[in-house]
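Subject: Structure handover

Hello,

Here is the structure I promised to pass on. Please look it over first, then read my notes below.

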Amino acid sequence: MTLTKASPKHEWVLTQEAFDQFLNVLDRDREKAGEKYEYIRLKLLKYFQWRGSDVPDIDADETINRVTRRIDEGQKVYNLKGYIYGVAKLVHAESLKRRHQRQGLDEGSLFELSPTDGDLVTTQYQDCLECCLRQLSNEEREVLTEYYRYEKIEKINCRKRLAAKLGVSLNTLRVKMHRQRLNLEECVEKCFDRERDGSFGN
Amino acid sequence: MKGTVRLATRPKSETTRIEYLLGLDRESDRESIELEYFEDDDAFQEMLAAEEELIDAYARGQLGGEERQRFEERFLVLQQGSDRVRFARAFRDAVVDAEVLETRPSAKLSGIFKLQGIRWTRAVATASVVIVVVTVLSWLLLDHRRMSNELRSVRDESAELRKETEELKRTADVERTRAADITDQLEYLVAQSDKPTKRETGASNQRRIDQPSHEVNSSSPEIAITSPKTAQLPLSATKMMDLLTLRSGVSVAAGVDGNAPNTFALTRRERSNDAPIAIGVQRDLSWIRFQLDLPSAAEHTNYYATIKTTSGSTITSVDWIEPLTPNQKTIDTPVIEATNLPPGDYVLVLLGQDADGTFVKIADYSFKIMN
């Protein structure tokens, strides 16, 4: 299939070729490029979240689209990350402007748990968490719980001890624990959604 | 920054990230943080960790005031933010339960290890203290024994020295006694030969005060030594009668013994009005000496004797060195020229020289010369 280049006169549409070109800029290795793409998207997602965007995922995708388009149009990008950040700032400014044009903040966007199924949710949620924790190995579970057990000074000392025990740096341990927690969160959310859908379905 | 984020003590960079997440930082700081985590993956990981810490802090109720409000405005407006807070709360409870239930054995074990560790530390500390105390006591005991032994040996040496000292004293006493005997014998022999002894050298110190024009002639004691003109024993009856006629309250000094007619014994004057001792001096005697009794045993080495008239005029004086013997109660003066003592009343004053060189009066003797 031959994909035609989008002309500036028409609205640009993300094509496979353009996306491949973008990935090729990230890394010649397709698999590594895919990892880098996910990582950049996560950065953009967090950027928009931390900037207070109400649609961070949309804003992140818009940023990637614009960058991909510029590359597709032949623009030479020497500092891709910095270029992406610059585009993200523009997208955020546009998004903020649109939000200010709407009537105030929607206070209803602050989600609150319904009091009727709060306990049920909590029990179900706890069950899902325990289930997901059991899926970890004993060592993984022990390290994870130990890492997040303490507070304040004891937390810092404990994490130093763990890092020394595992033979890794504190930074490496932090990254590993964060990823493991995110995976655990994802597992719990999926489990909870299944349980909730099942209980609501009943 | 308004308010405080009650999180664990963090470096300034961590606080900057928290401020960024809550939107409390300045625009200029914000862009630098964002550019950093866009370009540096490690910086982005630190931002994720800071976000996680912030969520946990909110779930534990550790945020207050403006921080809590900012967090709710930024993180709870999205379902994803609420989900993360819910997970943080559930995860915290699970971790606590895991500590109490699942990790109880290991906690027990770690507690036991802790307890054993504490006990081990205490045991080591106690053992160290005991070792130190035992070492010190042992050293003190050994030192005490050493000192006792030294004291014992010193005492033995002292007793030994005391014995030797007493032995030496006894030997000294014996020698002194022998020396006294020898001296007595020597004096006797000298008296027998009527030769001037060493004491005669004291005559060279004899001073003639009242007769300065007197010249030393053949009647001088030196010559007298070699050729005495004194009468020899036995005394003639006439001379005896001369002496005996001087009775009636007058003591008559005779020669010390028949073999020493030149020597006259004088007793010390107890009272000023004691009668003088009458001395009959033969006309042919060129010299005489006096044997003086002492109030106590002689203790001086250097003596000085002055002979004065009763009116106080000094006739002559002599000084000499006396070789002392133990318990010596008399002392002999050197020879005195008989011509210095014409018939008349005289007083002899005896002085002894103390250790500081001063002369002190020992006694005075009153006598009367008669021809």
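**What was found**

B:Val132 sits in helix 6 of chain B, which covers residues 104–193. Helices here are DSSP runs of H or I with at least four residues, strands are runs of E with at least two, and both are numbered from the N terminus.

A word on the ground rules. This is a predicted model, in which local features need pLDDT of at least 70 and side-chain atom pairs count only at pLDDT 80 or more, while totals for chains, interfaces and linings use all residues. Residues are numbered from 1 along each chain as its sequence is written, chains are lettered from A and ligands numbered from 1 in the order in which they are written, and side-chain values use heavy atoms, with hydrogens and water left out.

**The patch on chain B**

B:Val132 is also part of a nonpolar surface patch of about 670 Å². Patch residues have over 30% relative accessible area and no salt bridge; like charges are joined within 9 Å, and nonpolar side chains (Val, Leu, Ile, Met, Phe, Trp, Tyr) within 5 Å. Accessible areas come from the Shrake-Rupley method with a 1.4 Å probe, and for residues only the protein chains shown count as cover.

**Chain A overall**

Chain A has eight helices and zero strands. From the N terminus on, its elements run α-α-α-α-α-α-α-α. Chain A has 202 residues, and 38% of them count as buried. Buried means under 20% relative accessible area, exposed means over 50%, and partly exposed lies in between (1.4 Å probe, protein chains only). Chain A exposes about 12700 Å², with 51% supplied by carbon and sulfur atoms. Among contacts in chain A with a separation of 6 or more, 54% come from residues 24 or more positions apart. Contact means heavy atoms within 4.5 Å.

**The disulfides**

How many disulfides does the structure hold over all chains? There are two. The cut-off is a pair of cysteine sulfur atoms within 2.5 Å.

One joins A:Cys128 to A:Cys191, S to S 2.2 Å. This link is left-handed, with -75° about the S-S bond. A:Cys128 lies in helix 5 (residues 118–134) of chain A and A:Cys191 in helix 8 (residues 170–201) of chain A, so the pair ties together parts 63 residues apart in sequence. Both A:Cys128 and A:Cys191 are buried.

The other joins A:Cys132 to A:Cys187, S to S 2.1 Å. With -90° about the S-S bond, the link of A:Cys132 and A:Cys187 is left-handed too. A:Cys132 is in helix 5 of chain A and A:Cys187 in helix 8 of chain A, 55 residues apart. A:Cys132 and A:Cys187 are both buried.

Numbered in sequence order, the bonded cysteines of chain A pair 1-4, 2-3. A:Cys131 is in no disulfide; the nearest cysteine sulfur, that of A:Cys191, is 5.3 Å away. A:Cys131 is partly exposed, at 33% relative accessibility. A:Cys158 is buried, at 2%.

**Where the chains meet**

In chain A, 53 residues are in contact with 51 residues of chain B. The two chains bury about 4800 Å² between them, 55% of it on carbon and sulfur atoms. Buried area is the accessible area (1.4 Å probe) that two parts lose on being put together, summed over both. Between chain A and chain B there are 14 salt bridges. A salt bridge needs a side-chain nitrogen of Lys or Arg within 4 Å of a carboxyl oxygen of Asp or Glu. A:Lys155 forms a salt bridge with B:Glu53, with the closest N and O atoms 2.4 Å apart.

Best regards
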